[in-house]
Amino acid sequence: MTEETEEIEDKEEIEISEESDKESKIAIQTIDLSVYFDERKGIENINMKVRKNRVTAIIGPSGCGKSTFLRSLNLMHDMTPKARVFGEIFIHGENITNYNSVDMRKKVGMVFQKPNPFPTMSVYDNVIAGLKLNGMTKKSILDEIVEKNLKHSGLWEEVKDRLKSPAVSLSGGQQQRLCIARTISVNPEIILMDEPTSALDPISTSKIEELIFNLKSDYTIVIVTHNMQQAARVSDQTAFFYLGNLIEFSKTRRMFTNPKEKLTEEYVTGKFG
Amino acid sequence: MTAESVLKSPKNLKRRKIMNSVMISLCIAAGFITIVPLIYIFFYTTQSGISSLNLDFFTQLPKPVGEEGGGMANAIVGSLILITIGGIIGIPVGVLSGIYISEYSKNVLSTIVKFITDILSGVPSIIIGIFAYGVIVIPMQRFSALAGGFALGILMIPTVAKITEEMLRLVPQSLREASLALGVSRWKTTLRVVLTTASSGIVTGILLAIARAAGETAPLLFTSFGNVYWQTNIDEPMAALPLQIFTYAISPFDDWHRQAWAGAFVLIFLVFIVNLLVRFVTRNKFSGNL
C-alpha cells in the first residue's frame, strides 16, 4: 500500500486546503440516519456532511451498509417494504421530507452497480428516458440534450453513428457511461454511484473514473466502492463504514496515509476486508 | 467403493450408458406423444374441412335442413364479435390485476386477488357460463352476445392475469430503480418501463387467452345461445363458430357434418391469423429480451 500512498502524495490536485474546505457548501447532511430491515440493522446513527462539488467515496467491507446509506439518500428504500428509515437528511439545507420522492430523485440521480439501460429503448431514447417519461417530446431540444450529454459522458464519438440501435448492443463499459449520460440528462445536483465499475474491465473502469473526475465541477458525487485504490484515485473525501457504523470520515489523503482510527488503518492496509 | 473405482468400473459405466439411453428414449417418446395429436388434429381438420370450404361458406347463412349449400357467415362474424367483447372485458381486467399482484403485492388484498385468480382459472367453463346466465341473461330476459362475451371475458381474466404477473416478475428490479432514480413516478415506471419491457410475453399470454376463448363452446350454450339468422346486435342471441360446429356435428346430416369440419378448420385458421396479426402489430424491434 506504500506505493499507493506515494501516488496520492504526487497528485496535487486532490489536495484541498483547509480554507477552501470550509468555504465549500454542504450538499448533503445526515443526522442520526438509521435504516433497519425488519429487525436487522442496516446502518445506525450516521452523521455525515458531504461537500458540494466534491467526490465523496464510501468504502468498507461487504455488508457494512455502504449501499444502504447511499440508497437512503434518494429514498430508494421506499421501494423495499421491510426497510424502515429514521433520522434526517438535508439536501442543500432542505429537509428531504419537504420534497415528494419523485421531485427529490430528479435532484439526486443514481448510477447502479450493474449497467441497467432500458432494454426496450435505443441508445438515443435511453439518454433522454428521464425527460421523455416525464413528458418532454420536443425533438430539437432532445437532439441537443442527447448530443451534449453523450459528449459529457465521453460516449459520443463511439455511438454517434448508432444512436438508433438498441442500448443493450453496447459493451458493458459503454452501457455504464450511457447510464451516466441518462442520469445527468435530467440535470441532477447530486449523483450517487453504487459501485459503478465493479462489473467492468480495467479500461472501462479508468474511463469511468476519468468521467467522474470531469463531472465533479458540475455535480456533487457520492461513490460507493469496494476498491480502495479507486477511492484513493477519484475521491476528495472518504467515509469508512463498518458493521453499519461510520467509523471515520475525512479527506481521502489523510484517510489513506494517516487514519485516526485503528480499524480504518487495518482496513485500508488490507488486514481485513 | 472409492470414487476412482466408480469411474473406472466398466460394468457400472455400461449400466449408466444403458440407463442414459432409456431415459433419452422416454423423453423422445413423450415429446412425440405431445406433438402427434396436434399435428393429427391440424392435418385431419384441414383435410376434412378444406374440401367443404368455398366462398358460400364465408358469405351465406345456414340453409334449412334438406337444402344443399349455405355457409356460416353469421357464425364467423358472431365469433369475432364475441371474442372482441370478451377481450374488452378480460384483457384490461387481467392485465391490471396482474400488475397489481406483481407490482403492488405487499398487502392482504393482493394476496386474496392472487389466490382467487388461481382458483378462477380452475373453474369449469360451463360454470362460468351459468354465472353469466345468472347475472346477465336472467335480468335481461333473453340470451345475448353480451352475456356470451362477458362469459368469455371472465374466462380470459385468470390466464391474462397470471401471465402478466409472471412476465412482470421477470423484469429486473434494477430497471424499476433506474427509472425511479430519474425522477419518474411509480405509475409511469410501471406503465412505460416495466410493462413495455415485459410486453412481448404479455402479448403471448393474451393471445393464448384469446385462442382458448375462441374455441369455447360450453360458456356460450346458455348465454349467446346461437342463431341461424344474421345478427350483429350484441343485445340479441348470436351465432358462434364453436356453437355452430357443435350443432352441426351432432346432427344426422352428412352435409352438415362436412360444414362442421369446414367450421373447425376456419376456427383454427382464425385463431392462427389473430395470432400473427397481433404479433405483427405489437412487434418491437428491441423486444425478446426476456
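Student: Where in chain A does A:Glu195 lie?

Tutor: Before we start, remember that this is a predicted model. A:Glu195 sits in the loop between β7 (190–194) and α10 (202–215) of chain A.

Student: What makes A:Glu195 count as buried or exposed?

Tutor: Buried means under 20% relative accessible area. A:Glu195 has 8% relative accessibility, so it counts as buried. There's something else about A:Glu195: its phi is near 45°, a positive value in a residue other than glycine.

Student: Which strand holds A:Asp32, and what is its phi?

Tutor: A:Asp32 is in strand β1 (residues 26–37) of chain A. Its phi is positive, about 50°, although A:Asp32 is not a glycine.

Student: Why is A:Asp32 called partly exposed?

Tutor: Buried stops under 20%, exposed starts over 50%, and partly exposed is in between. A:Asp32 comes out at 39%, so partly exposed is the label.

Student: What about B:Phe225, why is that one partly exposed?

Tutor: The relative accessible area of B:Phe225 is 47%, so it counts as partly exposed. You'll find B:Phe225 in the loop between α11 (218–221) and α12 of chain B. Setting aside neighbours within four places in sequence, B:Phe225 is in contact with B:Phe143, B:Leu220, B:Pro237, B:Met238 and B:Leu243.

Student: How do you know whether A:Lys82 is buried or exposed?

Tutor: Exposed means over 50%. A:Lys82 has 53% relative accessibility, so it counts as exposed. A:Lys82 belongs to the loop between α3 (66–73) and β4 (83–91) of chain A. Not counting residues up to four places away in sequence, A:Lys82 touches A:Tyr36, A:Phe37 and A:Asp38.

Student: What makes A:Ser62 exposed?

Tutor: Its relative accessible area is 60%, and the cut-off is over 50%, so A:Ser62 is exposed. A:Ser62 is in the loop between β3 (55–59) and α3 of chain A. Its C-alpha atom is separated from that of A:His226 by 7.9 Å, although the two are 164 residues apart along the chain.

Student: And A:Thr252, buried or exposed?

Tutor: A:Thr252 has 0% relative accessibility, so it counts as buried. It is part of helix α12 (residues 252–257) of chain A. Leaving aside neighbours within four places in sequence, A:Thr252 is in contact with A:Ala231, A:Ala232, A:Ser235, A:Asp236, A:Gln237 and A:Thr238.

Student: Which residues of α4(B) and α5(B) meet?

Tutor: B:Ser97, B:Tyr100 and B:Ile101 in α4(B) meet B:Leu109, B:Ser110, B:Val113, B:Lys114 and B:Thr117 in α5(B). In that contact there are four nonpolar residues, three polar and one charged.

Student: What makes α12(B) and α13(B) roughly antiparallel, then?

Tutor: Helix α12 (residues 241–249) and helix α13 (residues 254–281) of chain B pack at an angle of about 155°, with their axes 8 Å apart. Over 145 degrees counts as roughly antiparallel, so that is the label for α12(B) and α13(B). Their crossing is left-handed. The contact includes B:Leu241 and B:Ile245 of α12(B), and B:Trp256 and B:Leu267 of α13(B) among others. Its residues divide into eleven nonpolar, three polar and no charged.

Student: Last one: which residues touch the most other members of the largest nonpolar core?

Tutor: They are A:Ile28, A:Phe69, A:Phe118, A:Leu192, A:Phe241 and B:Ile202, out of 71 residues in that core. Helix α7 (residues 145–170) of chain B supplies the largest share, seven residues.

Key:
Residues numbered from 1 in each chain as written. Chains lettered and ligands numbered in written order. Predicted model: local features only at pLDDT ≥ 70, side-chain atom pairs only at ≥ 80, totals over all residues. Heavy atoms only, no water. Core = buried A, V, L, I, M, F, W, Y, C linked by side-chain atoms within 4.5 Å. Buried < 20%, exposed > 50% of the residue type's maximum accessible area, 1.4 Å probe, protein only. Helix = DSSP H or I, 4+ residues; strand = E, 2+ residues; numbered from the N terminus. Contact = heavy atoms within 4.5 Å. Nonpolar A, V, L, I, M, F, W, Y, C, P; charged D, E, K, R; others polar. Axes fitted to C-alpha atoms, helices over the stretch in contact; angles between N-to-C directions. Parallel < 35°, antiparallel > 145°, perpendicular 65-115°, else oblique. Left-handed = near helix turned anticlockwise from the far one by under 90°.
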